[in-house]
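Here is a short report on the model shown below. Read it alongside the sequence and the coordinates.

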Amino acid sequence: QVQLVESGGGLVQPGGSLRLSCAASGSAFSIYTMGWYRQAPGKQRELVTSVTTGGNTIYVDSVKGRFIISRDNAKNTLYLLMNSLKPEDTAVYYCNARLTLSTLTTKDYWGQGTQVTVSS
């Protein structure tokens, strides 16, 4: 089992940048596919980006070229660098750790979330 704690959220003006961090504890960080999800008011939670154990990344189209996900297995930490932020990026951002148990079975762990607000 892994515990996840996000930090780094806040209020930023449009065009600004923020870096989110997710500190993991309790289990071997390197075995998890890690991701960032977000949920805006009145909307479903959506995957923003993820990075596999091998370092492969995917991004939702709306953040491509602006957001960068990275992981530091030595520090058990996941990062999300968000540049050129837009008001539509406003949401609660959640850190996710996904453990693949078998071909068809995974187990998800979630952090408590951190608020990102993009507004002038």
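## The disulfide

Searching the whole structure turns up 1 disulfide, a term for a pair of cysteine sulfur atoms within 2.5 Å. The link runs from Cys-22 to Cys-95, with an S to S distance of 2.1 Å. It ties distant parts of the chain together: Cys-22 sits in strand 3, Cys-95 in strand 9 (residues 91–100), and 73 residues separate them. The link of Cys-22 and Cys-95 is left-handed, at -80 degrees about the S-S bond. Both Cys-22 and Cys-95 are buried. Buried means under 20% relative accessible area, exposed means over 50%, and partly exposed lies in between, with a 1.4 Å probe and protein chains only.

This is a predicted model: local features need pLDDT of at least 70, side-chain atom pairs count only at pLDDT 80 or more, and totals for chains, interfaces and linings use all residues. Residues are numbered from 1 along each chain as its sequence is written, and side-chain values use heavy atoms, with hydrogens and water left out.

Strands here are DSSP runs (E, at least two residues; helices are H or I, at least four), numbered from the N terminus. Two strands pair if DSSP finds at least two bridges between them.

Ala-23 has Thr-77 of strand 8 as its bridge partner.

| Strand pair | Sense | Bridges |
|---|---|---|
| Strand 4 (residues 33–39) and strand 9 | antiparallel | 7 bridges |
| Strand 9 and strand 10 (residues 106–110) | antiparallel | 5 bridges |
| Strand 9 and strand 11 | antiparallel | 3 bridges |

Individual partners place these pairings on the chain. Gln-39 is bridged to Val-92 in strand 9. Tyr-93 stands opposite Thr-114 in strand 11. Ala-97 faces Tyr-109 in strand 10. A hairpin connects strand 9 to strand 10 through 5 residues. Strand 9 is mostly covered, with 7 of its 10 residues buried.

## The core

The largest nonpolar core has 29 residues; Leu-4, Met-34, Trp-36, Leu-78, Met-82 and Tyr-93 touch the most other members. Such a core is a set of buried Ala, Val, Leu, Ile, Met, Phe, Trp, Tyr and Cys residues joined through side-chain atoms within 4.5 Å. Elements giving two or more residues include strand 3, strand 4, strand 5 (46–51) and strand 11. Strand 9 gives the most, with 5 residues.

Tyr-93 has contacts (heavy atoms within 4.5 Å) that include Leu-20, Trp-36, Val-48, Leu-80 and Val-116, not counting residues up to four places away in sequence. Val-116 belongs to strand 11 (residues 114–118). Val-116 counts as buried because its relative accessibility is 0%. The C-alpha atoms of Val-116 and Tyr-93 are 7.0 Å apart, although 23 residues separate the two along the chain. Beyond four places in sequence, Val-116 also touches residues including Gly-9, Leu-18, Met-82 and Asp-89.

## Loop residues

Asp-89 lies in the loop between strand 8 and strand 9. Asp-89 is buried because its relative accessible area is 1%. Its side chain makes a polar contact with the side chain of Arg-66, at 2.8 Å. A polar contact is a pair of N or O atoms within 3.5 Å; within protein, one must be able to donate a hydrogen and the other to accept it, and residues adjacent in sequence count only if both atoms are side-chain atoms. Among the other residues touching Asp-89 are Arg-38, Phe-67 and Ser-84.

Most residues other than glycine have a negative phi. Ser-84 has a positive phi near 50 degrees and is not glycine. It is found in the loop between strand 8 and strand 9. Ser-84 counts as partly exposed, at 40% relative accessibility. Asn-76, also not a glycine, has a positive phi of about 55 degrees. Asn-76 is in the loop between strand 7 and strand 8, and is partly exposed at 27% relative accessibility.
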